[in-house]
Amino acid sequence: MKIDMRVDARAVTLQLDRLRADVIGPAASRALNRTATSVRAEAVRAMRRTLPLSAKSLRSRLKIEASNQRTLTARIVARRDYDPSLGQFSPTWRQRQPGGATVKLPGRPRQAVAGAFVARTRYGRDAVFRRVGRARTPLQFLRASDIGLPTVSAAFLQAAGDAALTRYARDKFRGFFAREIQFRRGA
């Protein structure tokens, strides 16, 4: 009995490359998508330290552009810039209150907004206004940027520039990628 053990090295190399593409591409793409979801959640937590808005409203303004096997890139994009109304910061006001209406900011005592008052809008929500002149009208609708708070896009850029978030993203990707490779190797 004779066994021929000759192997075509080119065919084996091509088969290994094909196997590598079948395993690494999908694993990397899926790991990138899962990492993007985790990083968005962490970015929302960081944004809530400066903007006391609900996590749901902040998360809905951050869109994930998913990865695929061709591009192997996933991105988190802030949709439109949003400057929240001061009515979302628990405003309080009494008539003839010295200093104006006050709003609650995260990690700080209540802040007075000079000359401001709280009134109900035509949509049934409380909002903070300031008179522009001595007359009753016109009124200025006050937003978060009017008292020095960042907009949602600025808060996201601030969170994205944080080195801790970058380290978090790298660690998450490594873990997700290793898990995906292990899963695909066993499948």
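## Aromatic cluster and nonpolar core

W93 is partly exposed, at 32% relative accessible area (buried means under 20%, exposed over 50%, partly exposed in between; 1.4 Å probe, protein chains only). The model is predicted, so local features need pLDDT of at least 70 and side-chain atom pairs pLDDT 80 or more, while totals for chains, interfaces and linings use all residues. Residues are numbered from 1 along each chain as its sequence is written, and side-chain values use heavy atoms, without hydrogens and water.

The whole structure holds 4 aromatic pairs (Phe, Tyr or Trp rings, the six-membered one for Trp, with centres within 6.5 Å; planes under 30 degrees apart are stacked, over 60 edge-to-face, the rest tilted). Two of them are tabulated here.

| Pair | Centre distance | Plane angle | Class |
|---|---|---|---|
| W93 and F117 | 5.8 Å | 50° | tilted |
| F129 and F141 | 5.6 Å | 65° | edge-to-face |

F129 lies in strand β6 (residues 126–131) and F141 in strand β7 (residues 139–141) (strands are DSSP E runs of at least two residues, helices H or I runs of at least four, numbered from the N terminus). F129 is buried at 13%, whereas F141 is partly exposed at 32%. F117 is buried at 12%. Ring pairs join W93, F117, F129 and F141 into a cluster.

The largest nonpolar core has 28 residues, of which M47, L86 and F89 touch the most other members (buried Ala, Val, Leu, Ile, Met, Phe, Trp, Tyr and Cys joined through side-chain atoms within 4.5 Å). Helix α1 gives the most to this core, with 5 residues.
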